[in-house]
Structure formats: C-alpha cells, structure tokens
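Hi everyone, thanks for making time this morning.

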Amino acid sequence: MTAEGFELGLNSFGEVATDGDRVLSDAETVRLLVDEARLAESVGLDVFSLGEHYREGHNDSATPVLLAAIATATRQIRLGTSVTVLSTNDPVRLYHEFSTLDAVSNGRAQMVLGRASATESFPLFGYDLADYERLFEEKLDLFVRLQRDEPVTWSGTVRTPLVRQRLHPRMPSGGIPTWIGVGGSPNSVLRAARYGLPLMMAIIGGRPQRFAGHVDLYLRALEQAGHTVQPIGQHSLGLVADTDEEAVETWWRYWQPVVAALAEERGFYKPDRARYEAEIDHGALFVGSPETVARKIAAVARDLQLSRFDLKYDIMHLPREARARTIELLGSEVAPRVRELLAKEPTNV
C-alpha cells in the first residue's frame, strides 16, 4: 500500500454529545452525526463508519437507515459500519439494506462484520448466547454467498434454506467491501483469511504492536488459501486537539467515567491517570496534537502493515465542539502528515 493510498476514517457509536452544559437528545445526536459526516467529507477523510449497539446513550441501532441519510448529505466519502453484529442480523435482510445503501450512495457502501463484544442484541432479538459461534459462522457463509453467487442455494441450522434465490437490488459483482472485525481471536483472523476478506483489528487497549502476530497469521493463511493480499485496518479510540495538553485533559475528563463504568460491569482494571497516560504514550489511545497523533498512526501503520486507520472519535458526553475539532484536524492536518511520514518510510503492504 502506497502512502497516497493509505486511508483514514472515522468511527462513531452514536454516543450522546453535549452542547455547553446541555446533554443532546437522542434525536439531536442522530442529526449531529449527519453533520459530522458532512464535515468529515469536507476535510478530505476517506470513510465514515457507524457501529451497532443497543446500550443507553448510543444511537447507532439502525445503522443502514442513518447511513442512507448521510448518503443523501454527502457526495464522495465512503460509508460503512465499524461493526455490524452479523450473529443477530438476518443475512438476507442485511443484504437488502446494504445493497440499497450502495445504490443510494452510488457505490460508496461497505461494512465490518463482527460477532459482538457487547451482547445486548442477543436477548433483544431472541438469540441464545450459547449459539454465539454457530450463528456467526453460518450467517457469514450465507452472507458471502449472497454477495458472490447468483442465484444462491443454501441450507443451515440458523434460518430457513434458500433455493435458487436472487435478491434485489443487486450489489455489484462480488459484493461490497466487507471486512471481518477482530478483537483478538486467532480463529477470527483465520476465518477472514479463509473467505479472502479484509481484516479490521479493533485495538482499544495495550500496545497495538502485540497484534503483529495476528497480521502474520492472516497473511500466511491468505496465501495458503490461494487468496490475494487483502487490506488490513485498525480501529482505535482517540481525540485530536490543537495541543497535546488540551487533548489529554479533554479526553481524560470523558474517557475516565466511561471506562470506570465498564470496569465495574466487566471486572477489568479501573482507570487511573498513570494507566491512561501509558495508553497515550505507547498504548492504543490516539490522543494529542496533530503531529503527535500522526506520528503514532504512521508508526503502527508500518508495524502492522496497515492500509487503513479508523479513529473512534465520540465518547459519552464529549462536547460537540471537541468532536468537530477532532474531525477537522484529522482530515486537514493528521491525514496529510501521516501520508508524508509513510512516504519517507513506507509500510510493507
């Protein structure tokens, strides 16, 4: 991957923003996302992606609908998902939603498929967590078949069979760009390689370089399966501000209570300032001035052979001004600086 071809994008989980002392309503946050996608396009970012969550304070539960709204407000930025929980979606319905999005957006749709790290969708839609692996494996097989084959005949245990089925509107030949999201499982890496799909690594804590083994495994498995080299991407959290100090203090103020609540819920370490600063210095938080963030992205791009980096820029109650400034700086200053750094010392992709 050349420096010119390196992509930078934004990920949002639809988290509620604030405006001054006022917490925005869900509806206001949804409309804000449309505005932020328009801003992302205006500063030259490559991709705007939305997650799929069913938690308090998140407004990304109807991702294809929101992406379709964004499609009508933009002209060229690619539109995708930072995670689509395939396990609790019907692949046929999902195909229809994203083939329609691709048509509305004139070929700009893409997606990241995942098994779900947050599992609220399982009881919400009547699925059993005991079927976690089987649901994803069978539905992925069907979804890939729907994209690549026409007509499709398929049978499995998680839904009714299909017999010589054609879906409309059709996706382009071969389907839309579809990545497999990986949070650390080698089996997920091998699954992506088996289907010849791009790999998106969700790295939200610890040194990103610890995923180098996953990258090597993926590239070897692709070759063994007879597939061509596919893109590798990284999703991480962070904030860009005019100075390092401003970025560090702003993100701490809103990141700390979110991670403290998750620590209580899931039983991992509670955030403290020392751990936080360590994550910024050499971990998975991309927080700082444009130069600081650009240098960190360029470094992990080289180490992990990335062709794409997506920054999750929203976190609960982060002021809308801080969100907007991150978008502006990521597009206008960070992206060109990353490409400049990579041109001097390219990745191996």
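Among contacts in the protein chain between residues at least 6 apart in sequence, what percentage join residues at least 24 apart? The answer is 73%. Please keep in mind as we go that this is a predicted model.

Now the overall picture. The protein chain has 11 helices and 14 strands. Its C-alpha trace spans about 60 × 45 × 45 Å along the principal axes. How does the radius of gyration fit with a compact globule? For 349 residues, such a globule would come out near 20 Å, and the protein chain has 19 Å, so the two agree. As for burial, 54% of the 349 residues in the protein chain are buried.

Let's zoom in on two helices. H1 covers residues 26-42 and H2 covers residues 63-73. They pack with their axes 9 Å apart, at an angle of about 45°. Angles under 35 degrees would count as roughly parallel, and 65 to 115 as roughly perpendicular, so H1 and H2 are oblique to each other. The crossing of H1 past H2 is right-handed.

Which residues meet there? From H1 we have Val30, Leu33, Val34, Ala37 and Arg38, and across from them in H2 are Leu66, Ala69, Ile70 and Ala73. If you sort the residues of this contact by type, eight are nonpolar, one is charged and none is polar.

Note on methods: Residues numbered from 1 in each chain as written. Predicted model: local features only at pLDDT ≥ 70, side-chain atom pairs only at ≥ 80, totals over all residues. Heavy atoms only, no water. Axes fitted to C-alpha atoms, helices over the stretch in contact; angles between N-to-C directions. Helix = DSSP H or I, 4+ residues; strand = E, 2+ residues; numbered from the N terminus. Parallel < 35°, antiparallel > 145°, perpendicular 65-115°, else oblique. Left-handed = near helix turned anticlockwise from the far one by under 90°. Contact = heavy atoms within 4.5 Å. Nonpolar A, V, L, I, M, F, W, Y, C, P; charged D, E, K, R; others polar. Rg over C-alpha atoms; globule rule 2.2 N^0.38 Å. Buried < 20%, exposed > 50% of the residue type's maximum accessible area, 1.4 Å probe, protein only.
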